[in-house]
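Hi everyone, thanks for making time.

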Amino acid sequence: MAEEAILGYLENHEEIPDSGQFATDNGLDHNDVVNVIKSLHGFLYIEAQDIKRETLVLTEEGRKYAEKGSPEVQLFLAVPEEGSISKEELQKLLDPAVFKIGCSQAAKNKWVQMGNQISRKVQHVEDRVKDLLLRIQDGQEPGKDDNNSLKARKLTALQTWKGYSVKRGPDYAPTRRRTATDLTREHLLGYAPIFTWGFVVHNNFNTLGLFLATVHLGQPNCGIYVAIHTPKKSLLAIIFKLIDIDAIEFIFPYAHDVSFATVLQMFIQVLPFVFLSILVVFLCLTFVHWSSIGCSFEEMPTNKYVESSFWNFDALFQPQQHPARDSHDTFFLKAPETTKQLPEDYVELVKRVHESGGYGSRGYGYEWKREEANKNLLRTHTTAISSRMLYALAQSFTPKKYFSIDRVFRNEAVDRTHLAEFHQIEGLVCDRGLTLGHLIGVLQDFFSRLGMDKLKFKPAYNPYTEPSMEIFRYKIMNYSYRCTACKVIGNLIRSIYASYHEGLEKWVEIGNSGMFRPEMLRPMGFSEDVNVIAWGLSLERWILGSSRKTLYALLELGRLRNASALSSVPSSVFEKQIPMSLCLGK
Ligand code: PHE
C-alpha cells in the first residue's frame, strides 16, 4: 500500500516533501512509509533525504495528569469544602505519588493549609496544568515559562521525529520490478555434494565470482550457498549447499570479477579443461593443507533469529537508551511481543550493573526497565548468542573457543555497504589472562587462513568491549588483461597467491572486535582473571567484495526483502526454533 502510494505519487509529482505529512494525507502508518522508503531507496527507485524535528510530547506521567487532572487539583478536590481532613485519611484517598506531589504543589499555590489536619484556603481552583497538557497533546506550543515548569516537573519531553523527503531516484519506476525468486527450503536441503566448487554469475551486472570450498566429512555442519543468475535475471540454479565443511577455515572465497561474456567464451571454447584441472589440483592441495591444521573452535547454536532485547543488548551492557535500540534501527516483533523466560537472578545483576555499576565500574546511572529488556526482536548481531553461551559457560568455567556463521537483521537503508539482512561470522575465545595481543594474533591467523594477510586495526567503541578494534582489509584489485584466457588464469593465480594488492590503496572495513567488558562478564559469574576476546565480521563484505549490485542480489535472496514484509510473517514462524538446516551458513 505505502509502496504503491509513494511510487504512484512520484509519477506525477517532483517530490514528497515530508513523509509524515504524506502518511497522514494518505491514511498510512508513518512507520510503514519509512520502511518502504528505506527499501525503495536501497534499490535506487527513490532518493531520500533525512528530516528531523523535535516535538514536545507528554511523558507517561504527563499523560496521566492530562486525563485525570494535576496532582494538586486531585488533592484539593479530596479535601472537604468545609472543615478539614487528617493527613492519614487524605493519603488513603489518593495514589501515593499524587498525594506527595499534590501536597507540595497545593501548598506552594496556597490552596490548602497543611499540618496534621488539612483544610482548604480557597473556594475554587483552576487546573492550569491539565489545560496546558491537553493543549500540548493537541499540538499547541506552551509559553516559555509554562514550558520550563512542565519540563522541570518531567511532564513533557522533547521527542525527535525522524522522517524523509523523497524524490525520484535513478532507477525509478512506477511499480517495483520483481527479479529473483526466493530461496526456498528445498533449495537449501536438496543439494549436498561431498565437495564442490561453483561459479557465481551475476549476469545482470556482468560479473562472475568463483567459489571454492573444500569439504570435510564427519565435521560439524557448516556450509555456504551459491546462487547463479541467468541472463534472464531469474534464479536459474542452484544453491550449492555444502555440508560438512570443517568450519570456517575450509571455505575459500574468490569473488573476483570477470565479465559474463568471458565466462561464456571460456566454457564454450578451450578453457574449461585447463581451468578445471587447476581447480582440482588446487582443491587437493588446500584440502591436505587445511586438514592438517586444526582450529578446535566449537560452533554456537545460532538457529534462533528471534531474541529478547535482554540477550541482544542488556546482557551486553548496552544501555536502554542506546540509538541501536530504536525501532528505526532494529526490527521489533509484534507477536510474540515479549519474552517469557529470563534467568531472574542474572537479570537482577545486569540491572544493577546498568544502574549503579560494580566490579570497578560506575554503571550508566539510569533507571533500568524490565519491559525494555523483555521486548522481542530479530537479532541485530550474533553476539546475542555469544552472550547466552558465555552465561552458560560462566556457570562452570573451562577455557573455550566458539564460532558461528548466521543471519542477522537491521532496519537499515540499503546501500553499497549496508544490508537489512546479512550474515555474521562471530568468534570468541574465553580463557584466563588473554590480552589484546591475543586478539590481534587470532584475527591475523584467522584471516590468513582465508587468504587475507594484510589487515589493519583501528580503535573503535562498542558498549560491550574495551578496548575495541575495527578490522580493515585490502580490497582486491581488478587487473585489466588483454585476452580472456590471461584474465581468467591471472585472476585465479592472483587470488591464490595474493589476498591484497598494493596498487589499490583501499581498505575495507570487514568487522569489529574487542575484549568483553567486566560489566558484561562479571555479572555472568566469571571471575576477574577470565577474559574473552571476540570478533564479529560481515560475511557478505568479505566474500562478495563490495559491489552494490551483488549485495542487492543477496538481499533479494533473503526472505525478508523489506521491513513491511515482516508484519506479514505469521507469528508462529517466530515461536518455533528454526531448524539448523534452514539457517544459511549451516
Ligand atoms: N557485535 C558486533 C557487531 O555486530 C561485532 C563484535 C562482536 C564486536 C564481538 C566485538 C566483539 O558489529
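Let me begin with a term: two strands pair if DSSP finds at least two bridges between them. Residues are counted from 1 along each chain, as its sequence is written. And this is a predicted model, so local features need pLDDT of at least 70 and side-chain atom pairs count only at pLDDT 80 or more, while totals for chains, interfaces and linings use all residues.

Okay, strands. β2, residues 46-58, runs antiparallel to β6, and 13 bridges join them. One example: aspartate 50 has tyrosine 164 in β6 as its bridge partner. β6, residues 156-168, also pairs with β1, residues 15-16, again antiparallel, through two bridges. There, glutamate 15 sits opposite lysine 167.

Then there's an open sheet of three strands, in the order β3-β5-β4, with antiparallel pairing. Which strands stand at its edges? They are β3 (84-86) and β4 (112-113), and each has a single partner strand, so one side of each is left without a neighbour in the sheet. β4 pairs with β5, residues 117-120, over two bridges, and valine 112 has arginine 120 in β5 as its bridge partner. In the loop between α7 (96-108) and β4 you'll find lysine 110. Its phi is near 60 degrees, a positive value in a residue other than glycine.

On to helices. Two packed helices are described by the angle between their axes and the distance between the axes. The axes are lines fitted to C-alpha atoms, for helices over the stretch in contact, and the angles run from 0 to 180 degrees between N-to-C directions. Take α1 (residues 2-12) and α3 (residues 30-42): they pack at about 60 degrees, axes 9 Å apart. Who meets whom? Ala2, Glu3 and Ile6 in α1 meet Asp32, Val33, Val36, Ile37 and Leu40 in α3, where contact means C-beta atoms, placed from the backbone, within 7 Å. By class, that's six nonpolar, no polar and two charged residues. For the classes, Ala, Val, Leu, Ile, Met, Phe, Trp, Tyr, Cys and Pro count as nonpolar, Asp, Glu, Lys and Arg as charged, and the others, Gly among them, as polar.

Now α4 (residues 60-68) and α8 (residues 128-137), which pack at about 115 degrees with axes 8 Å apart. α4 and α8 are therefore roughly perpendicular to each other, a label that covers 65 to 115 degrees, with under 35 roughly parallel, over 145 roughly antiparallel and the rest oblique. Gly62, Tyr65 and Ala66 in α4 meet Val129, Lys130, Leu133, Leu134 and Gln137 in α8. That contact has five nonpolar residues, two polar and one charged.

Next, the ligand. Its surroundings include His381, Thr383, Asn462 and Trp535, where near means a C-beta atom, placed from the backbone, within 6 Å. β19 (507-516) and β20 (530-538) each supply at least two residues of that shell. The shell divides into two nonpolar, eight polar and no charged residues.

Last item: cis peptide bonds. One joins alanine 335 and proline 336, with omega about -10 degrees, and proline 336 lies in the loop between α13 (309-312) and α14 (344-356). Another joins glutamate 466 and proline 467, omega about -5 degrees, and proline 467 lies in β18, residues 465-474.

Terms used. Helix = DSSP H or I, 4+ residues; strand = E, 2+ residues; numbered from the N terminus. Contact = placed C-beta atoms within 7 Å.
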